[in-house]
Amino acid sequence: MTPKVASLGRTLRFNARLLPIAVTIGLFLVMFGAGSISFDNFLSIQVFLNFFIDNAFLGIAAIGMTFVVVSGGIDLSVGSVIALTTMVSAALVVHHGWGPATTIPLVLAMGAAFGLLHGFIIQYFRVQPFIATLAGQFLARGLCYLISVDSIAIQSERYKAIALYRIPIGGGNEITVNVILLLIMLAVGIYLAHYTRFGRSVYAIGGNEQSALLMGLSVARTKILVYVWSGFCSALAGVCFTFYMLSGYGLHAKGLEMDAIACVVVGGTLLTGGLGYVVGTLLGMLVYSTILSLITFQGSLNSWWTKIVVGLLLLVFCLLQKVFERRQGQRSVSGKARAASHSATSLATRPATAK
Amino acid sequence: MSDPTHSLAVALDARLRSLSKHRIFWPLVVLALMLLFNLLTNARFFSVTVRDGHLYGSLIDVLNRAAPLMIVSMGLTLVIATKGIDISVGSVMAISGATTAMLIGGKYVMGRDDMTSHPLALCILAGVGIALLFGMWNGFLVAYVGLQPIIATLILLVAGRGVAQLITEGQIVTIYYRPYSFIGNGFLLGLPVSYYIVAALLTLFLLLTRKTALGLFIESIGVNPVAARFSGVRARLILFWVYAMTGVCAGVAGLIVASNVKSADGNNAGLDLELDAILAVVLGGTSLNGGRFTLAGSVLGALIIQTLTTTIYFTGVAPEVTLVVKAIVVFVVSILQSDRVRTLLAARGPAREAVR
């Protein structure tokens with residue numbers, strides 16, 4: 001093999017890792033383009049900005065979820081932690097006269113504490129992540145109802161002021177505080193994932209927990225921190241949701257964990273862990289928002305189509321991941337000793353030809 | 001030691017010990033404690049009366065209401081025994097209920113309650129059939145495509161609600177057909193019809209898994225799928241059918257629920273039932289780590305959950321609070337099942353013997 005070919009091969013392999021993100025960007029452009037052609041007023045900066053304004057909470061929750069999925073786990077408590085955050089915020093503000101300066105730090109700490117509980121149970125008792133977080137999901141929803149079964153509207157002037165505050169960004173377009181929060185969290189997420197010891201440990205654990213342990217990484221601490229981070233993100237998403245809805249309700253954000261997982265998967269993060277980009281999750285959120293907008297613009301399609309389309313999208317990307325994995329698996333079988341890590345995976349992930 | 005009372009105590013202790021090792025011992029204890037609590041706080045719970053030749057009372061009601069959960073948890077037990085999970089059961093229930101309701105047709109004719117657009121048998125078969133199809137879909141994704149069970153069934157959990165609403169066109173379809181409500185509300189020889197359905201399915205599953213090698217195969221897949229395949233177990237095929245059967249169970253449960261409330265609601269039928277079902281299976285003594293299961297235990301587990309729910313109704317606390325109680329129970333039980341606690345308990349066992 002000449003050096004030129006080898007370097008070309010390396011470039012291609014690099015592209016292969018970024019392929020899922022390229023697919024997501026392509027999908028977004030195609031869908032946005034289709035919307036622009038089909039509907040008047042779709043192609044505008046404000047429609048694009050509305051994707052961020054209307055789904056900032058989803059994006060923030062999905063950033064937290066990205067870390068959990070990369071570490072090889074899952075967090076099903078996201079939606080109900082958001083609901084609990086709105087409920088506690090509403091109860092404190094309405095019934096006890098608290099201001100946002102005291103309420104928000106408290107609910108953020110509560111979300112992190114919820115994550116700590118999950119992480120502790122998952123790490124020390126080896127309870128499967130989906131069981132622990134599913135129980136946490138029901139615990140958080142139940143706690144909402146302990147506060148109140150009904151919705152509590154927030155009348156606080158200060159909350160309203162923050163919620164209605166618009167930041168002009170030129171050309172008559174404007175964004176909300178939530179969008180700023182989302183962008184800050186995106187920056188923090190990217191920094192944490194790619195430039196810190198914690199982030200590298202998360203990827204290592206997702207790739208192979210056993211080797212991460214043998215490498216001397218603090219697996220236990222990192223795994224617990226991942227859930228703390230996800231709990232924190234969910235709570236911050238809950239704060240955004242409180243601004244967005246100006247109310248607390250036990251049924252808020254029902255099933256949002258599924259949407260968050262969809263964003264993560266569509267953003268190219270591997271569900272088996274070890275591979276993924278935080279920025280991909282934001283792209284996933286954009287694709288998801290575009291679907292919502294398309295269905296809204298279309299008008300005659302009912303809201304249940306959203307569920308079906310999101311389910312199908314999840315399916316297609318899961319299948320793509322499988323194809324991707326198999327091709328890698330086959331390459332490693334014909335190649336070097338990479339097969340060792342693959343033989344440990346379940347029988348179903350093996351290529352059918354291996355029989 | 002020839003002291004007769006002591007040897008008797010030892011024998012009794014050994015008997016109790018072997019009894020407590022039995023899989024459904026602890027679920028039975030929990031159920032007994034819950035019934036005892038009811039006996040002390042409100043004896044009304046236990047009154048069973050005969051009206052029109054049927055049995056009535058809270059106990060009968062608990063059993064009747066637990067029937068859908070019992071059926072779903074039977075299927076889920078097998079899935080969990082393969083170290084899988086199915087969180088789409090609630091959505092599949094909604095789909096099957098919706099299908100049957102739409103086939104019967106929601107037409108209301110004054111003074112008539114025997115109107116149906118299609119024969120009842122066809123409606124029921126279609127409901128169960130579509131549930132089987134969706135179960136097979138899950139099975140295909142898990143066994144042949146190789147998706148993780150949680151993700152494969154998550155897709156149906158999300159999309160299934162949409163499908164159910166699509167079938168009912170977003171409406172709550174009311175069923176004005178008396179023979180159909182017999183399934184969920186009718187009585188046969190004084191007992192609710194749903195009991196017979198539960199009994200028939202339980203017998204079928206017990207025969208299949210305990211009188212044939214199928215149960216062993218399922219357990220071997222749960223312990224080590226690769227080893228199971230190498231020892232000649234057709235792991236994929238069995239995995240596929242386990243998910244398919246869970247779909248059927250969810251379908252039957254969906255029909256009972258739709259019949260019970262005489263309507264199909266794509267949004268709320270079987271909502272949050274997946275946690276209840278997982279809880280029932282775990283409470284019953286099936287390990288979430290796969291490899292061993294007990295169907296009778298899961299049925300008992302479902303009974304415990306329904307008794308808990310009904311008990312909370314009786315104490316006058318808001319019914320939504322049951323969620324908190326259930327969540328805590330899941331935490332406690334899954335922690336108790338963990339290796340860490342088990343080794344801790346096992347280490348203390350001999351120590352106690354030594355002291356004696």
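A: Happy to! A helix here is a DSSP run of H or I of at least four residues, a strand is a run of E of at least two, and both are numbered from the N terminus. This is a predicted model, in which local features need pLDDT of at least 70 and side-chain atom pairs count only at pLDDT 80 or more, while totals for chains, interfaces and linings use all residues. Residues are numbered from 1 along each chain as its sequence is written, and chains are lettered from A and ligands numbered from 1 in the order in which they are written. By the DSSP count, chain A has 14 helices and four strands, and chain B has 15 helices and six strands.

Q: How do you know what span to expect for helix H7 of chain A, and what does the model give?
A: The expected span is 1.5 Å times one less than the number of residues. H7(A) runs over residues 177-195, which is 19 residues, for an expected 27 Å. From first C-alpha to last it reaches 26 Å, close to that value. Helix H4 of chain B (residues 89-104) can be treated likewise: its 16 residues reach 23 Å, close to the expected 22 Å.

Q: Why are the buried residues of H7(A) said to line one face of the helix?
A: A residue is buried if 20 or more other C-beta atoms, placed from the backbone, lie within 10 Å of its own, exposed if 12 or fewer, and partly exposed in between. In H7(A), the buried residues are A:Asn178, A:Val179, A:Leu182, A:Met185, A:Gly189 and A:Ala193. Seen down the helix axis, they fall within an arc of 120 degrees (taken from the directions from the axis to the C-beta atoms), so they line one face. An α-helix has 3.6 residues a turn, so residues three or four places apart point the same way. On the other side of H7(A), A:Ile184, A:Ala187, A:Tyr191 and A:Tyr195 are exposed. The cover over the buried residues includes helix H2 (45-70), strand E3 (174-176), helix H8 (197-207), helix H10 (219-245) and helix H12 (278-298) of chain A.

Q: What makes H4(B) mostly covered?
A: Of its 16 residues, 15 are buried. Just after H4(B), B:Gly105 takes a positive phi of about 90 degrees.

Q: What phi does A:Leu246 have, and why is it called partly exposed?
A: Most residues other than glycine have a negative phi. A:Leu246 is not a glycine, yet its phi is positive, about 50 degrees. The residue lies in the loop between H10 and strand E4 (247-248) of chain A. Its 18 other C-beta atoms within 10 Å fall between the two limits, so A:Leu246 is partly exposed.

Q: Is A:Ala253 buried or exposed, and how do you know?
A: A:Ala253 has 26 C-beta neighbours inside 10 Å, which meets the limit of 20 or more, so it counts as buried. It also has a positive phi, about 55 degrees, without being a glycine. Its place is the loop between E4 and H11 of chain A.

Q: What makes a set of residues a nonpolar core, and how many residues does the largest have?
A: Such a core is a set of buried Ala, Val, Leu, Ile, Met, Phe, Trp, Tyr and Cys residues joined through C-beta atoms within 7 Å. The largest has 200 residues, and those with the most contacts inside it are A:Ile60 and A:Ala61. H11(B) gives the most to this core, with 17 residues.

Q: How many residues of chain A and chain B take part in their contact?
A: Residues are in contact if their C-beta atoms, placed from the backbone, lie within 7 Å. The count is 39 residues from chain A and 41 residues from chain B. H13(A) gives the most to chain A's side, with twelve residues.

Definitions and conventions: Contact = placed C-beta atoms within 7 Å.
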